[in-house]
Structures are given as structure tokens and as C-alpha cells.
Amino acid sequence: MKFIPLHTTNTAIVYKNSICSAATMLVLTFFALSVLVPLLMVSLLSPYSGIAESRILYEQPKVQFQFKSIFYGDVKMNGNDLIVCSTFPQLNDAINHRTNTDYCDGTKYWTEDLDYDGTLDRVHFVQQLETLEEKLLGFDVALFFDAFLKHKCHLSPPAVLIKHINIPYDAQLSSGIVNIRADLVLKQYVEFTCPFPGRNVKTSFRHLNVPSNSSNIKQFGIEPLLDQLKSNPAFFELDIQETYFRRGPPEQGLSIQLDVDVLQLAARYHLSIWERLGQFWLYFASFFGISFYIMNKLKDFLFGHHIVRSWEIIPWKKLY
């Protein structure tokens, strides 16, 4: 007859029984429960315990200006006349030939690294115009940037910053300064996916590619650019915080200044199977320790009070 150990008591009495006995089946059942109960607890509590398929990570993107920009200014109530200033010669020639005017007076761009860590914290862009004959009613601006996220893997969501600004009636001006302060934000539709051992898949993006010498004026429209931008799983955009309008003398001209703060952004990432297993193991180990302790105490109680019978093959008197 083959014997296996079943349980021990505080007096170190060892009880044994045959493999196919009811006592052995009970011990195996308790052991199975000590494993299954933690699995059940983790599966039930996973929505509240942090075990999920995605995780939010915070990162400050690295941005770089492509020195490409488009500015559309509306100067009449009927909206027929446009002022166009851009770095695309074909667009400038087409619009200025139609209106026979050119108010563009250059652009400026500079950056700030406030904490000297090599990552830009604030960028500034200025579109300088000559004094207008009519008041500026509103404008659209598109700035072409490159932006990168490197926390888990190298990702480069499109960063064409497009914004439409309507100027209130009492603030409309033909010369002076329009100052816009905004934050760079990440518009994300789905979680980012990074490669991991066993699967080489990474989120891809459709970058806006507008040829500088393109003769198709429709490619430079704000709506087509937005449509291309929104066809991506994620992209960067501007969140306007403050807008100031200050009139100035005609000799000053008109300046459109955009100040953008590049802060830490929240990005959602898919967890790899290994990360999810790591999270699962932490929670399972916690529940398993408690479950195993309770099951072991319950098993000893049943055997110690002879509720379940087992054979004592070593006389207890010989152990003292």
C-alpha cells in the first residue's frame, strides 16, 4: 500500500493515507480550491484592480518645426477676400494673382527650453502682415511640426497644428497684435501598439505630405488638411487657452503671434501579453497566499477534530 502525507498538527504528528482514499481526495480538492479561488477573485475584480488591456502613460513629446506654415485671413464681411501667407510659393502666387495684393511681411519662429533638459517646453510663431485696408474678421493658421513619443517605442503622430480663430466684432483690427496662447494636446482615437517579443506590430500613421511645388490649390485647403489629419489613429492639435487683441498704429503693421506650451501629455498604450501576465501574477500571488493559508487551516481543522478520518502510522507517544 502506498502512502502520501496529508497534513500536520502543532505536535508534529504526521498523518498519512492511501492515494485513492476519501481523505486524499479531500486534500486534493482543498489544494485545487486554493488555486481556483484566487483565479476567480482576480477575474471578478480585474476591472477595479488595474488589470486592463491598456495603460495611460505621461510623456512630453519632442517637437520640431518643419518651417512650413499657411495663414488664411478673412478681411471682408462677405468672406470673398482672403489674405494668404504661406511657405508654399504656388499657393501664394495663385491667391495673390487673384486678389492682386500681398500683405505678407515675413514670419518668425523661436523656442524655449525652460528646464534645460533638451526638450522644448514652449514654441513661438509670428506671422507678420502689413497694415490691412480692411479689418481682420478671422483667420485660419496651419503649422507643420514633427512630434515624437519615445516612452515605450518610437511613435510620430502627425502634428499639423490647425486652428480657426474668429475675432469678436468689437476687437476686429487692421493693425496691432493678436496673441494666442495654446497648449499642445494629443487627440487619440485608439490605443498605441508597440512591438514586444512574439509580435512585431506598431501603430502606423498617415502623415500629411503637401508638395511645396504642387499646383493643386485644393491640397492647401484647411478642410482637406483636417480630413487627412483625422484619418489617423491619433494626432496632435492645439487647445486654445487665451486670446488677446491689441490695436496699434498703422506703421506697426499686424502681427499674429502663437505661443504654444509643450507639456506632458497622456497617451494610451496597449499592454503586451507579458505586461498583462506580470500584472496578473502580482494580484494572483496576493490572493493565493491568503487562500492557501485558509484552506490549510480548514484542512487541519477537519483532520484534527476527526471529522475526516486518516491513519496515524507513527504513534504520537513516540514523538514526545
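The link of C153 and C194 is left-handed, with -65 degrees about the S-S bond. This disulfide, with an S to S distance of 2.0 Å, is one of two in the structure, which is a predicted model. C153 sits in the loop between β8 and β9 and C194 in the loop between β10 (176–188) and α3, so the bond ties together parts that are 41 residues apart in sequence.

**Disulfides**

- C153 is buried, at 12% relative accessible area, and C194 also counts as buried, at 9%.
- A disulfide is also formed by C85 and C104, whose sulfur atoms are 2.0 Å apart.
- The S-S torsion of C85 and C104 is about -100 degrees, so this disulfide is left-handed.
- C85 belongs to strand β5 and C104 to strand β6 (residues 104–112); the pair links distant parts of the chain, 19 residues apart.
- C85 is buried, with a relative accessible area of 2%, whereas C104 is partly exposed at 25%.
- With the bonded cysteines numbered in sequence order, the pairing is 1-2, 3-4.

**Sheet**

- An open sheet is made of four strands in the order β5-β4-β8-β9, with antiparallel pairing.
- The edges are β5 (82–86) and β9 (159–166); each has a single partner strand, so one side of each lacks a neighbour in the sheet.
- On average, neighbouring strands of this sheet are turned by 20 degrees against each other, direction ignored.
- Strands β4 (residues 62–74) and β8 (residues 138–148) run antiparallel and are joined by eleven bridges.
- V63 stands opposite A147 in β8.

**Helix on the sheet**

- Helix α3 (residues 222–230) lies across β4, β8 and β9, and runs at about 135 degrees to β9.

Key: Residues are numbered from 1 along each chain as its sequence is written. This is a predicted model: local features need pLDDT of at least 70, side-chain atom pairs count only at pLDDT 80 or more; totals for chains, interfaces and linings use all residues. Side-chain values use heavy atoms; hydrogens and water are left out. Two strands pair if DSSP finds at least two bridges between them. Helices (H or I, at least four residues) and strands (E, at least two) are DSSP runs, numbered from the N terminus. Axes are lines fitted to C-alpha atoms, for helices over the stretch in contact, and angles run from 0 to 180 degrees between N-to-C directions. Contact means heavy atoms within 4.5 Å. A disulfide is a pair of cysteine sulfur atoms within 2.5 Å. Buried means under 20% relative accessible area, exposed over 50%, partly exposed in between (1.4 Å probe, protein chains only).
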